[in-house]
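Open your viewer and keep the selection tool handy. We will go from stop to stop, with a note on what to look for at each.

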Amino acid sequence: MKSLIGKAPGLGVVLVGERKDSRSFVRVKKQACEEVGITSVVVELPEDCTEGEVLEVVSALNHKESIHGILVQLPLPCHLSEQKILNAVNVEKDVDGFHPVNIGNLAMTGREPLFIPCASRGCIEVLHRYGVEITGKKVVVIGRSNITGLPTSLLLQKHHATVSVVHAFTKNPEEITREADILVSDVGVPNMVRGHWLKPGVVVIDMGSTLVTDSKGSHVTGDVCYEEAILKASLITPVPGGVGPVTISMLLYNTVEAAKRAYQ
Ligand code: GUN
């Protein structure tokens, strides 16, 4: 057995293009790594890079012994195949949990993924830490993105919740959300979920995070109208400062797990 003592866990981040939100997310992840002693390497590529160039970077990180976790910041520019690039990440270094093998094992009963996507794991962590029972509860997830909504609905089912998913084509979403014991939202539409969408006593996990500029200046806003929801909910996560920082912690957790496994 090899030892992790004296070796820092290493995270490799691939950042393509100039998106402000992606750059800001990566900056926060890098800073969090520094705070806990994880070595992070950010490889930046220009917006107009080729798919081959991204695949070369991923392959180099796959082969680098000091890198235990790899994260390709999403979304990628449209000319790049997200599917091809995420498939190229070594499944044992897939700390985002987006490789189809990890997502597949998350979806299947009796199988365990090597990594669970960080936002989804963060959602469950918040519910556990606040003593919220999940088994048998009616959970409504708003949004079905590959990054958050889809894996979160799968993970909640693994925790024995009865899960409904509301999306852009759902008719009268508020009729469904009003049934929820636990409501999770990640669609990036500020204040979309209003007070009358909620059952009294509901637990609200707001995973939306959109930069809004209005008369109060620029600020990050969630999907849920906090002022209205706080009057109905028994628990609610604020934005900013709710599940966001927990999601970052889950990335650090996954990276340390990856490093531990590499030295087992
Ligand atoms: N873009 C927004 N959230 C995420 C995330 O959790 N991981 C990656 N790779 N990209 C993102």
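## Rings, strands and loops

Start with the aromatic rings: the count of aromatic pairs is zero, where rings of Phe, Tyr and Trp (its six-membered ring) pair if their centres lie within 6.5 Å. The model is predicted, so local features need pLDDT of at least 70 and side-chain atom pairs pLDDT 80 or more, while totals for chains, interfaces and linings use all residues. Residues are numbered from 1 along each chain as its sequence is written, and side-chain values use heavy atoms, without hydrogens and water.

Now select Phe-115 and Arg-261. The charged end of Arg-261 sits over the Phe-115 ring, 4.8 Å from its centre (the rule: NZ of Lys or CZ of Arg within 6 Å of the ring centre and within 35 degrees of the ring normal).

Next, select strand S6, residues 182-185 (strands are DSSP runs of E, at least two residues; helices are runs of H or I, at least four; both are numbered from the N terminus). Ile-182 and Val-184 point one way, Leu-183 and Ser-185 the other, and all are buried (under 20% relative accessible area, with exposed over 50% and partly exposed in between, for a 1.4 Å probe and protein chains only).

Strand S4 (residues 138-142) runs parallel to S6, joined by four bridges (pairing takes at least two DSSP bridges), and Val-140 has Leu-183 as its bridge partner. Four bridges also join S6 to the parallel strand S7 (residues 203-206), with Val-184 opposite Ile-205.

Finish at Pro-75, in the loop between strand S3 (69-72) and helix H3 (82-88). A cis peptide bond links Leu-74 to Pro-75, with omega about 0°.

Technical notes. Rings of Phe, Tyr and Trp (its six-membered ring) pair if their centres lie within 6.5 Å; planes under 30 degrees apart count as stacked, over 60 as edge-to-face and the rest as tilted.
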